[in-house]
Amino acid sequence: MGILRAIIVWLMLVLPASAQQSSPVVLIVDSDRLFIETLYGQRIAEDLAQQAAELQTENDRIVESLTLEERSLTIRRPQMTPEAFRAEAEAFDRKVQDVRRVRDAKNVELQVANAEARARFEQRVQGIVANIMLERGAVLVLEQRNVVLSVRAANITDDAIVRIDAELGRGDE
């Protein structure tokens, strides 16, 4: 009941002031949509998906090679001395561990590349969003996921997507 009373008081104070304004002072943007729906964001996603696919193809090839090597060792085991088998098995285990470390490092590199590409995107897009904010006389832009309730006019995501596509295109640098 106390929250409802506070909302009513707030609305009584804000509505007369907002009736005099032509646009909201606080705008909202959905940065995920900016990334997913702009040509620039789509190009980044395509590039990263291609890199991930290449990494997966390389991983599959390595797994196949290691599987064949393991199978060969298993087949040759009956003809080997225990010492020779142990030496080859240990060498194979070291090789697998080395490959796993390299694969893990490449996965981390891909994640870092993804984060860096997203950060570059956000940095380049920020100026466009800031211009829309200034043009509309707003003082603040909030992220959509942090907003509980708003009027439709406060959301500039569609306008920002159009402007980003017009100004940055695919974002080729």
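Me: Why are α3 and α4 called roughly antiparallel to each other?

Reply: In this predicted model, α3 and α4 pack at an angle of about 175°. Angles over 145 degrees count as roughly antiparallel, so α3 and α4 are given that name. Their axes are 11 Å apart.

Me: What kinds of residues make the contact of α3 with α4?

Reply: By class, there are 17 nonpolar, five polar and ten charged residues in that contact.

Me: Which residues bring α4 and α5 into contact?

Reply: From α4 they include Val125, Ile128 and Ile132, and from α5 they include Ala160, Ile164 and Leu168. Charged residues take part as well, among them Arg124 of α4 and Asp159 of α5. By class, this contact has seven nonpolar, one polar and five charged residues.

Me: How do you know whether Ile164 is buried or exposed?

Reply: Ile164 sits in helix α5. Its relative accessible area is 0%, and buried means under 20%, so Ile164 counts as buried. Its neighbours in contact are Leu34, Thr38, Val125, Ile128 and Gly169, leaving aside residues up to four places away in sequence. The chain also brings in Gly41: the C-alpha atoms of Ile164 and Gly41 are separated by 9.8 Å, although these residues are 123 apart along the chain.

Me: What makes Thr38 count as buried, and where does it lie?

Reply: Thr38 lies in the loop between α2 and α3. Its relative accessibility is 0%, under the 20% cut-off, so Thr38 counts as buried. Beyond residues up to four places away in sequence, Thr38 touches Arg33, Phe121, Ile161, Ile164 and Asp165.

Me: Why is Ala117 called buried?

Reply: Ala117 has a relative accessible area of 8%. That value is under 20%, so Ala117 is buried. Ala117 belongs to helix α4, and touches Ile44 and Leu48, not counting residues up to four places away in sequence.

Me: What makes up the largest nonpolar core?

Reply: That core has 20 residues, and those with the most contacts inside it are Leu34, Ile44, Phe121, Val125 and Ile164. The elements giving two or more residues are β1 (26-29), α2 (31-37), α3 (39-76), α4 (82-135) and α5 (157-168). Of these, α4 gives the most, with seven residues.

Me: How many helices and strands does the protein have, and what pattern do they follow?

Reply: There are five helices and two strands. Along the sequence, they follow the pattern α-β-α-α-α-β-α.

Me: How do you know how many of the protein's contacts join residues at least 24 apart?

Reply: Take the contacts between residues at least 6 apart in sequence: 85% of them join residues at least 24 apart. As for burial, 26% of the 173 residues count as buried.

Terms used:
Residues are numbered from 1 along each chain as its sequence is written. This is a predicted model: local features need pLDDT of at least 70, side-chain atom pairs count only at pLDDT 80 or more; totals for chains, interfaces and linings use all residues. Side-chain values use heavy atoms; hydrogens and water are left out. A nonpolar core is a set of buried Ala, Val, Leu, Ile, Met, Phe, Trp, Tyr and Cys residues joined through side-chain atoms within 4.5 Å. Buried means under 20% relative accessible area, exposed over 50%, partly exposed in between (1.4 Å probe, protein chains only). Helices (H or I, at least four residues) and strands (E, at least two) are DSSP runs, numbered from the N terminus. Contact means heavy atoms within 4.5 Å. Axes are lines fitted to C-alpha atoms, for helices over the stretch in contact, and angles run from 0 to 180 degrees between N-to-C directions. Angles under 35 degrees count as roughly parallel, over 145 as roughly antiparallel, 65 to 115 as roughly perpendicular and the rest as oblique.
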